[in-house]
Amino acid sequence: MADDYLVRIGKLIRDARQHRGWTQTQLAEALGTSQSAVNRIERGNQNISLEMIARIGEALDSEIVSLGYAGPMHLRVVGGRRLSGSIDVKTSKNACVALLCATLLNKGRTVLRRVARIEEVYRLLEVLGSIGVRTRWVNGGVDLEIVPPADLDLDAIDAEAARRTRSIIMFLGPLLHRLDHFKLPYAGGCDLGTRTIEPHMIALRRFGLEIAATEGLYHAQVNRSVSPARPIVLTERGDTVTENALLAAARHDGVTVIRNASSNYMVQDLCFFLEALGVRVEGIGTTTLTVHGMPTIDVDVDYSPSEDPVEAMSLLAAAVVTESELTVRRVPIEFLEIELAVLEEMGLDHDRTPEYFADNGRTRLVDLTVRPSKLEAPIDKIHPMPFPGLNIDNVPFFAAIAASAQGKTLIHDWVYDNRAIYLTDLNRLGGRLQLLDPHRVLVEGPTRWRAAEMMCPPALRPAVVILLAMMAAEGTSVLRNVYVINRGYEDLAERLNTVGAQIEIFRDI
């Protein structure tokens, strides 16, 4: 029991330190102790006095470090308020996690600019730190520096952190070039039904990787005599599948052709990063990628991931459902053009600035201003398609938007086994959504939203949709256990408050 208490306190301290943007060394200096002592405290391997807990809380200016266990985070939402002003889109969650995995390709120092400070990133940093990669926030906690060790210690991997992120699956591509055999915990993440890793295995077997999955672990073995002799045809045009194939191809000594590749935003960002590492990639933005691999990559690189189109869609949806005029800045327009075309047909009143480039010099951005609009249900169903179609992750936001429109809208979420089911939680807030089967939901609007208290769905985008509906509902709503939102959004509640929302973060006593 005492050991469990120390582990819990250690995790609270670690999370508070990371949110502050401090390294263990910086915290040690503030406390007048050693970095190794802080490391032991955070791992729960050192007894800690009440006085030390208080000193740590004061140093980090964090209420999370307290005498009690910090339970789940909840949101109290006072709805019915109009938003106004402008809000910036943060860097892409999915690009950032792919780039963190890609740093394992490089023997040199990597600096990633304006990294999304989200739970998914923190979990990956915990995993990277546990296997010997040195990471620290620099430039006031805005940018992230990553320096790999000469040898990775996979036996010391933080299994708990690894199981809380599906992104761990993208370690396979880089690691197969560094180790002949290794083990990884099963991939976790959102509860979106059965999500097989077989498409990853089909692609990576072409590089000699064989996986046996037993007892909660992937047991990986690499046959160095195997290499892709012909183009790799992906059996699924998935984003992480394409990224894993790219990561494997980047250090393959030769030319690899990947067909049926995703050309989505995070894949393009990964390609741009690989080019910064010196790897030539042809066909970026298409479904055929040709990778000229380098057996050794040892460069100091500085890269800026682009903005997140799904967060941009979230903010646009917030304006629509609250009937607000809001300017969303730094929108990656190339990856929202279909969504905006659908919204225009529904009657959305908006305008956009001329295009300009993101900090990576490649991604096209605009500023979008959305105004209160009288929306009509679209004639055709809403359904996702691989890029350049309507983004899979943006489909849930159309449930809230369709609920604000006049008429009936059919949403067909064919990709995931049970995500559409979570959208029916909007009925608790006054929505009229009928689940036709696990993939199809019929939405009838307009909706008179009403306040409610409910648990957060265990899937990221439906959870945010519930929050947006609460913002539109007159009265006070409570959304409990919002960890899943923090996995993909940085300070979402606080940022929405800056444009007129009233959302309070609280924990149970």
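1. Which residue of β10 stands opposite isoleucine 232? The residue is isoleucine 258. Isoleucine 232 belongs to strand β9, residues 232-233, which pairs with β10 in the parallel sense over two bridges. Two strands count as paired if DSSP finds at least two bridges between them. Helices (H or I, at least four residues) and strands (E, at least two) are DSSP runs, numbered from the N terminus.

2. The model is predicted: local features need pLDDT of at least 70, side-chain atom pairs count only at pLDDT 80 or more, and totals for chains, interfaces and linings use all residues. Residues are numbered from 1 along each chain as its sequence is written, and side-chain values use heavy atoms, with hydrogens and water left out.

3. Strand β10 covers residues 255-259. Thr256 and Ile258 lie on its covered face, while Val255, Val257 and Arg259 lie on the uncovered one. In a regular strand the side chains alternate between the two faces of the sheet. β10 also runs antiparallel to strand β12, residues 288-292, and five bridges join the two. In that pairing isoleucine 258 stands opposite leucine 289.

4. β9, helix α10 and β10 make a right-handed β-α-β unit. A crossover is called right-handed if, with the strands pointing away from the viewer, the path from the first strand over the helix to the second runs clockwise.

5. Helix α10 spans residues 239-250. Its twelve residues reach 16 Å from the first C-alpha to the last, close to the 16 Å expected at 1.5 Å a residue. The expected span is 1.5 Å times one less than the number of residues. Ten of the twelve residues are buried, so α10 is largely enclosed by the rest of the structure. Buried means under 20% relative accessible area, exposed over 50%, and partly exposed in between, with a 1.4 Å probe and protein chains only. The buried residues of α10 include Val241, Thr242, Glu243 and Leu246. Among the elements that cover the buried residues of α10 are α5 (93-102), α9 (198-204), α11 (265-276), β10 and β12.

6. Is asparagine 244 buried or exposed? Asparagine 244, which is found in helix α10, counts as buried because its relative accessibility is 1%. Leaving out residues up to four places away in sequence, asparagine 244 touches Ile169, Met170, Leu172, Gly173, His200 and Leu204. Contact here means heavy atoms within 4.5 Å.

7. Helix α16, residues 460-472, has 13 residues and reaches 19 Å from its first C-alpha to its last, close to the 18 Å expected. α16 is mostly covered, with 13 of its 13 residues buried.

8. An open sheet of three strands has the order β6-β8-β7, with antiparallel pairing. β6 (181-185) and β7 (209-214) stand at the edges; each has a single partner strand, so one side of each is left without a neighbour in the sheet. Neighbouring strands of this sheet are turned by 25° against each other on average, direction ignored. Such axes are lines fitted to C-alpha atoms, for helices over the stretch in contact, and angles run from 0 to 180 degrees between N-to-C directions. Five bridges join β6 to β8, residues 217-222. Proline 185 stands opposite leucine 217 in β8.

9. Another open sheet, of four strands, has the order β4-β5-β3-β13 and mixed pairing. Its edge strands are β4 (134-138) and β13 (301-303), each with a single partner strand, so one side of each lacks a neighbour in the sheet. The twist averages 15° from one strand to the next. Within this sheet, β3 (residues 110-112) and β5 (residues 143-147) pair in the antiparallel sense over three bridges. Leucine 112 has leucine 144 in β5 as its bridge partner.

10. Strand β19, residues 432-437, runs antiparallel to strand β20, residues 440-445, and five bridges join them. Aspartate 437 stands opposite arginine 440 in β20.

11. How many disulfides does the structure hold? The count is zero, where a disulfide is a pair of cysteine sulfur atoms within 2.5 Å. For cysteine 96, the closest cysteine sulfur is in cysteine 101, 11 Å away, which is too far for a bond. Cysteine 96 is buried, with a relative accessible area of 2%. Cysteine 101 is buried too, with a relative accessible area of 0%.
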